[in-house]
Amino acid sequence: MTRLSELPAYNKLRAHRAEIEGLHLREMFAADPQRFSRFSLQLDDLLFDYSKNRITSETVGLLTELAQQADLERWIGRMFGGEAINETEGRAVFHVALRHQANTPMTVAGQDVMPAVRTVQQQMRRFVDALHSGAHLGHTGRKLTTVINIGIGGSDLGPQMVSTALRPYWVEAIDVRFVSNVDGAHITEALRDADPETTLFIVASKTFTTLETLTNAKTARRWLVEGLGSEDAVAKHFVAVSTNLNEVKRFGINPQNMFEFWDWVGGRFSCWSAIGLSIACAVGMEQFEQFLAGAASMDQHFRNAPLEQNIPVLLGLLGIWYTNFFGCEAQAILPYDQYLARFPAYLQQAEMESNGKRTDRQGQQITDYQTAPIIWGEPGTNSQHAFFQLLHQGTRLIPTDFIAAANPSTELHDHHQLLLANFFAQTEALMQGKTAEQVHAELSAAGASPATIAQLTPHRCFPGNRPSTALLFERLTPRSLGRLIALYEHKIFVQGVLWGIYSFDQWGVELGKQLAKRIIGELANDGTVPKHDASTNGQIAHYRRLREPSSR
Ligand code: F6P
């Protein structure tokens, strides 16, 4: 493997970056009437407009050259071929099989996984249909209408984000909630108005050893058994989603109530598996299948489109362009859709847990280029009234992704027009900026004195030339949502390949977990002195002093 920074196209891109330094997007648009059509693509109803990025045709050519030199096409083939490309865990990366539509095999280590995938999908369908029809009732014979998913990380963020996004598709009388944090406040609030007779718990954990999830699941179980007065209630009110049958049994959930998935499904890529059971409970299995089909359409595009017309590839390369050649430290995700409120949080795990790494595939430290940027964002227009000031006039350059549907998910079409007017206005404003001449003319027209004009002009100028990428599609549906998520999943894959890292492990979350386990045993007020650094010891001692006697 040649390091990214040693690829021939990398050096060419560095030189090219210096060459285009002085170019302003405003001028590039003025000089090229074809710029929008040159730098936009359409996949069905999805418009991918990347023309408001600081690129020329040469940039795109060099970036795709870089991707070729990094062997991207071979890596895509390896992923879709079910190869064990997650080498540090010895696993395939095969979430694409979960949404595979054709009647053709998808093999891992010579074995077709599709029969097992279809079996679990059928099991999900039977369960969800029975839940909705009332064929599966609670312990006291009442319908289960509150579904509480207990999981964390990939076993929470994906299902939660998707369920939130598809709120208008929820079947009648279903209420789906999510508990993830080990902070007791989370489950307390989720259970506050819940009725044990009508509550179903989905314990979602790939490993079934995660402290937060097991703690919350035990609390939920106690609440249920106390509420219904019988241990037998667990059978009707608890199901598990996991790869770990033994731990599920150990917890006391009947294996018949377990929905299986497999080690080739990464946690943060698992909403397509039975981890999506809470989504299916919310919207029904037909809509869940539409969600899978939408993702499959992006998989086909990613697998087959040439690099320079491949949306996830281009989105990934744009990120590389800004991270590695402009020194950008962050990437803003700006859905102009309240139903996509959790999408930035979901992408924080998907991108930062995947590509927030400093060791390359040869085990060498990466010292001469950056990997994953900080992912953050909030829905428009709220974000405009919070942090857009920094995007427009701050000292940092922050690339932005603007995401919107042309049609609303509500009846309030007038609201939607205002929302989209803002969507268009903001990408235009970021790109165009406002010159001193424009500010001057505005202030003069408003009758400002020369002194006021001189004083205010620097503050009221916008530099512009701030990059944005727009994703605009017909409507937020299960299908278009599946396609959108798959687009970002593949973007993450592309970037991981180019950065030369393993995107599908997450060793960086282990140290804190290990230390927390050790510290749990040290919190008792038994006179022992914890054996940590002075700061950690001091914090623990202060905590012990402040803690109320009842919790000692
Ligand atoms: O935070 C680390 C992590 O391992 C994530 O990758 C994963 O999504 C999450 O914990 C939950 O893990 P599990 O599904 O095994 O409970």
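**Notebook: sheet, helices and salt bridges**

I began with the strands and noted that six of them form an open sheet, in the order E1-E2-E13-E12-E10-E11, with mixed pairing. I then looked up the edges: strand E1 (40-43) and strand E11 (374-376) each pair on one side only. From one strand to the next, I recorded an average twist of 15°. I keep in mind that this is a predicted model.

**Entry on the E1 and E2 pair**

I examined how E1 meets strand E2 (residues 46-49), and found antiparallel pairing over four bridges. I looked up Ser40 in particular; its bridge partner in E2 is Asp49.

**Entry on the helices against the sheet**

I next asked which strands helix H14 (residues 311-325) lies across. I found E1, E2, strand E12 (400-407) and strand E13 (468-475), and I noted that H14 runs at about 30° to E2. I turned to helix H15 (residues 343-355), which also packs on the sheet. H15 touches strand E10 (330-335), E11 and E12, and its direction makes about 165° with that of E11.

**Entry on helix H17**

I checked the span of helix H17 (residues 413-432). Its 20 residues reach 28 Å from the first C-alpha to the last, close to the 28 Å expected at 1.5 Å a residue. I then listed its buried residues: His416, Leu419, Leu420, Phe423, Gln426, Thr427, Leu430 and Met431. Why do the buried residues of H17 line one face of the helix? Seen down the axis, they fall within an arc of 130°, and therefore they line one face.

I looked up what covers these buried residues; helix H2 (25-31), helix H16 (388-393), E12 and E13 are included. On the face turned away from the buried side, I found the exposed residues Asp414, Gln417 and Leu418. Just after H17, I noted that Gly433 takes a positive phi of about 70°.

**Entry on the salt bridges**

I recalled that side chains of opposite charge can pair when their charged atoms come close. The count for this model comes to 27 salt bridges. I looked up several of them.

Arg17 forms a salt bridge with Glu21, and the closest N and O atoms are 2.3 Å apart.

I next examined Asp45 and Arg483, whose side chains meet in a salt bridge at 2.9 Å, N to O. This pair links distant parts of the chain, as Asp45 is in the loop between E1 and E2, while Arg483 is in helix H20 (residues 478-499), 438 residues apart. At a relative accessible area of 30%, Asp45 is partly exposed. Arg483 counts as buried, with 6% relative accessibility.

A further salt bridge joins the side chains of Glu83 and Arg78 (2.6 Å, N to O). I recorded Glu83 as partly exposed, at a relative accessible area of 36%. Arg78, at 15% relative accessibility, counts as buried. Finally, I noted one network in which Arg3, Asp360 and Asp368 are joined by salt bridges that share partners.

How values were computed
Residues are numbered from 1 along each chain as its sequence is written. This is a predicted model: local features need pLDDT of at least 70, side-chain atom pairs count only at pLDDT 80 or more; totals for chains, interfaces and linings use all residues. Side-chain values use heavy atoms; hydrogens and water are left out. Two strands pair if DSSP finds at least two bridges between them. Helices (H or I, at least four residues) and strands (E, at least two) are DSSP runs, numbered from the N terminus. Axes are lines fitted to C-alpha atoms, for helices over the stretch in contact, and angles run from 0 to 180 degrees between N-to-C directions. Contact means heavy atoms within 4.5 Å. The expected span of a helix is 1.5 Å times one less than its number of residues. Buried means under 20% relative accessible area, exposed over 50%, partly exposed in between (1.4 Å probe, protein chains only). The arc is that of the directions from the helix axis to the C-beta atoms. A salt bridge is a side-chain nitrogen of Lys or Arg within 4 Å of a carboxyl oxygen of Asp or Glu.
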